[in-house]
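User: I have a model open and want to go through how it is put together. Can you take my questions as they come?

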Amino acid sequence: MYAWIFRHLPGPLWLKIIQTLVLLAAVVLLLMEVVFPWVDQYSPLNDSTIQDG
Amino acid sequence: MPTHPLPPSRPRHARRSAAAAPVRRSVGSRILGGVGELFITLGVLGILFLVWELWWTGLEADRERNEATQELFSNIEALENPGDSNGDANGDGNGNGGDGEESRGGVELEDLVVPGPDHTANFADQGGVMAMVYAPRLGADWAAPVVPGVGPESLNRAGLGHYSSTQLPGEPGNFALAGHRQTYGNILWNQDKFAVGDLIYVQSPDGWYIYSVTETYIVQPNQSDVLAPVPGDLEAEAEGSTLTLTTCHPPYTTLERMITHAELVDYAPLSDGPPSAVADTVERQMQADGPFGDLSSQEAR
């Protein structure tokens with residue numbers, strides 16, 4: 001899958017490497033800002049409260 | 001003349017050209033490779049999530065905590081200097097001694113008489129930051145703003161959330177707060193370090209409340225009597241003021257809760273300035289700019 005993507009990136013090798021890094025950064029940012037905060041509501045680590053009543 | 005003849009070059013050349021040509025992999029090999037990539041991806045995702053949960057949330061929380069802190073300071077300042085928003089950020093003591101606000105009825109708490117927490121209640125009603133907590137035992141410069149409510153939107157934003165069903169500092173009863181142990185800036189990571197007699201300083205718009213730690217223990221998450229006006233006794237009527245901190249325990253789980261109680265031992269009006277033990281911390285909190293700068297604190301200066 002990743003080899004397929006790499007092969008289909010246009011340009012010479014150095015351009016492919018730059019594109020790869022940009023893609024990686026975009027994916028990580030998307031995860032950190034959108035996906036993980038959404039997953040977080042199901043995370044067990046956050047509940048530090050006493051159930052009241 | 002070389003005694004050993006060079007190895008024939010033709011096979012090597014052939015091998016190289018074979019490697020350069022696209023490899024025809026069998027269907028089974030390609031499926032296995034795809035599954036392998038999937039597993040590696042899932043593993044990396046899991047690690048990334050932990051990085052996010054334990055570290056990235058802390059970065060955001062630190063920034064928001066700083067904003068919350070400045071919000072409280074500027075609101076308190078506005079309260080002390082009505083109509084003068086450019087007042088000295090240090091509030092030099094003789095702000096406005098007796099303009100009617102001070103004539104609120106006092107509350108008797110055992111041997112202390114403190115003013116009623118009218119301003120604090122007011123701040124809380126507006127959903128704003130209602131107090132700051134300073135606890136030198138939890139770390140140098142440890143300070144946390146308190147917002148009403150203990151939902152994720154409260155705890156993730158500031159440091160501590162106030163159980164809205166409990167009382168305010170300066171009211172007879174329990175001023176109960178919750179904080180994260182391991183995520184979002186893990187504000188209460190060190191809660192287990194509290195020793196009996198440690199002082200916790202609460203700065204609210206109504207003054208400085210100084211609490212002394214009486215005990216720290218572990219309970220089940222549903223043991224709500226720790227939030228009672230007299231912790232552990234649902235029937236009793238409170239005479240003093242208690243501060244209660246709750247967080248997760250053991251670290252990295254939510255199986256139990258760690259509870260710390262502290263008793264109110266002293267009170268000082270805001271005009272007396274911060275108690276000397278936390279004066280430096282307060283000073284630094286007032287000047288602290290978030291990593292991206294903070295407009296409200298720059299305005300205040």
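User: What do the buried residues of helix 3 of chain B pack against?
Analyst: They pack against helix 2, strand 3, strand 4, strand 5 (160–162) and strand 7 (199–204) of chain B. This is a predicted model, where local features need pLDDT of at least 70 and side-chain atom pairs count only at pLDDT 80 or more, while totals for chains, interfaces and linings use all residues. Residues are numbered from 1 along each chain as its sequence is written, and chains are lettered from A and ligands numbered from 1 in the order in which they are written.

User: Which residues of helix 3 of chain B are the buried ones?
Analyst: In helix 3 (residues 118–125) of chain B, they are B:His119, B:Thr120, B:Phe123 and B:Ala124. Buried means that 20 or more other C-beta atoms, placed from the backbone, lie within 10 Å of the residue's own. Helices are DSSP runs (H or I, at least four residues) and strands likewise (E, at least two), numbered from the N terminus.

User: Why are they on the same side of helix 3 of chain B?
Analyst: Because they cover an arc of only 135° around the axis, the arc being that of the directions from the helix axis to the C-beta atoms.

User: Switching to the strands. In what order do the eight close into a barrel in chain B?
Analyst: The order is 3-4-5-6-9-10-8-7, with mixed pairing. Two strands pair if DSSP finds at least two bridges between them.

User: Which way do strands 6 and 9 of chain B run, parallel or antiparallel?
Analyst: Parallel, joined by six bridges. One of the bridge pairs is B:Asn174 with B:Thr242 in strand 9 of chain B.

User: And strands 7 and 8 of chain B, parallel or antiparallel?
Analyst: Antiparallel, also with six bridges, and a hairpin of two residues joins them. B:Ile200 has B:Tyr211 of strand 8 of chain B as its bridge partner.

User: What else does B:Ile200 touch?
Analyst: Besides B:Tyr211, B:Ile200 touches B:Val133, B:Ala135, B:Val213, B:Leu243 and B:Ala262, not counting residues up to four places away in sequence. Contact means C-beta atoms, placed from the backbone, within 7 Å.

User: Last topic. How many residues of chain B are in contact with chain A?
Analyst: There are 29, against 18 residues of chain A.

User: Which element of chain B gives the largest share of that side?
Analyst: Helix 2 of chain B, with seven residues.

Note on methods: Two residues are in contact if their C-beta atoms, placed from the backbone, lie within 7 Å. A residue is buried if 20 or more other C-beta atoms lie within 10 Å of its own, exposed if 12 or fewer, and partly exposed in between; C-beta atoms are placed from the backbone.
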